[in-house]
Amino acid sequence: MSRPGGDAEKAERRFGVSTHLFQEHPLTRDHLVHIAAHGFEAVELFATRAHFDYHDVRARAQLAEWLSDTRLDLHSVHAPAFEALRHGKWVGAFSNASSVDARRRAAIAEAEAALAIARHAPFRFLVTHIGVPTSDALGSDNQRDAARRSVEELVALAAHVNVRVAIEVIPNPLSSASDLRDMIEDDLDGLDVGVCLDYGHAHLMGDLGEAIETLSGHLLTTHVHDNGGRRDDHLVPFSGSINWDEAMMSTQKIGYEGIFMLEVGDTGDPVDVLRRSVKARERLEQTFVTF
């Protein structure tokens, strides 16, 4: 299997869609059909049991069949961050950075179960939060030492199924671009781990351009969505306040040649969101500079 960022991905810019779009519903074959029918090549599975029961061997095998039928590449799996999403709110958050060891181990166990998807449908990256967003955190949830232990365990578990771990930029005290760079370089030196740049989250946390530059050499994959700078809206690009011309130019400058994974939210009509995502993709493609 070629590694992301290798020659196979240098030929053209590739775009995918996360099943985050359908997160409040059980995943079906039709969801993947819609993604493929709108011209997207790849998908990220957002692993929550209410959306897709990754513990179920039959469900994992069925997913592999659906991917084959739709000719979609399973680029990544988002490690379980919560049990379910209801009316846009997290239910049963997991924290792999909790100082309460039983809580931390429960999060690792769910991620390990999600990694089993790779035995049926290979994928490249396990995208994981460390800890939880500050707005949803308990006092014990975002502890650096616990996060480091969890990342070390996840990297070892992922290696068994030829998957790499990408830690996501999220709004908490552990997960800004600079925090993740420092953790990787200082605490995780020598481990095969990198970062998932979530453009929307980085925008909420401050200077998106600076965040992109900070991640040079560590960027493995992306989440692409927009917001107005105040809430994590998961809007289609160009619907919020991110300057996408600058963001894409900065991303090119650091040499990123991997996939752009749209992690857009359902605003009531997911097919319409996909249609608008196609137009956003076309605009994003126009921002790329040919050197």
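**Exercise 1. In which loop does Glu41 lie, between which helix and which strand?**

Solution. The model is predicted; local features need pLDDT of at least 70, side-chain atom pairs count only at pLDDT 80 or more, and totals for chains, interfaces and linings use all residues. Residues are numbered from 1 along each chain as its sequence is written, and side-chain values use heavy atoms, with hydrogens and water left out.

Step 1. Helices (H or I, at least four residues) and strands (E, at least two) are DSSP runs, numbered from the N terminus. Glu41 sits in the loop between helix H1 (29–37) and strand E2 (42–46).

Step 2. Buried means under 20% relative accessible area, exposed over 50%, and partly exposed in between (1.4 Å probe, protein chains only). Glu41 has 23% relative accessibility, so Glu41 counts as partly exposed.

Step 3. Contact means heavy atoms within 4.5 Å. Leaving aside neighbours within four places in sequence, Glu41 contacts Arg14, Phe15, Arg71, Leu72, Asp73 and Arg281.

Step 4. Asp198 is 157 residues from Glu41 in sequence, and the C-alpha atoms of the two are 19 Å apart in space.

**Exercise 2. Describe the setting of Ser76.**

Solution. Step 1. Strand E3 (residues 73–78) holds Ser76.

Step 1. The relative accessibility of Ser76 is 0%, so Ser76 counts as buried.

Step 2. Not counting residues up to four places away in sequence, Ser76 touches Val43, Glu44, Leu45, Phe123, Phe125, Val127 and Met261.

Step 3. Ser76 and Arg164 are separated by 88 residues in sequence and by 9.4 Å in space, C-alpha to C-alpha.

**Exercise 3. Find the nonpolar cores.**

Solution. Step 1. A nonpolar core is a set of buried Ala, Val, Leu, Ile, Met, Phe, Trp, Tyr and Cys residues joined through side-chain atoms within 4.5 Å.

Step 1. The largest one has 78 residues, and Ile35, Leu63, Leu74, Val77, Ile117 and Tyr199 have the most contacts inside it.

Step 2. Beyond its neighbours within four places in sequence, Ile117 is in contact with Leu45, Phe52, Tyr54, Arg60, Leu63, Leu74, Val77 and Phe123.

**Exercise 4. Which residues have a positive phi although they are not glycines? Treat Asn162 and Phe238.**

Solution. Step 1. Asn162 has a positive phi of about 60 degrees. The residue lies in the loop between helix H4 (144–159) and strand E7 (164–168). At 34% relative accessibility, Asn162 is partly exposed.

Step 1. Phe238 has a positive phi of about 80 degrees. Its loop runs between strand E9 (219–223) and helix H8 (244–253). At 25% relative accessibility, Phe238 is partly exposed.

**Exercise 5. Describe the protein as a whole.**

Solution. Step 1. The secondary structure comes to 9 helices and 10 strands. The radius of gyration is 17 Å, close to the 19 Å that the globule rule gives for 291 residues, so the protein is as compact as a globular protein of that length. This radius is taken over C-alpha atoms, and the rule is 2.2 Å times the number of residues to the power 0.38.

Step 1. Of the 291 residues, 54% count as buried.

Step 2. Among contacts with a separation of 6 or more, 78% are between residues 24 or more positions apart.
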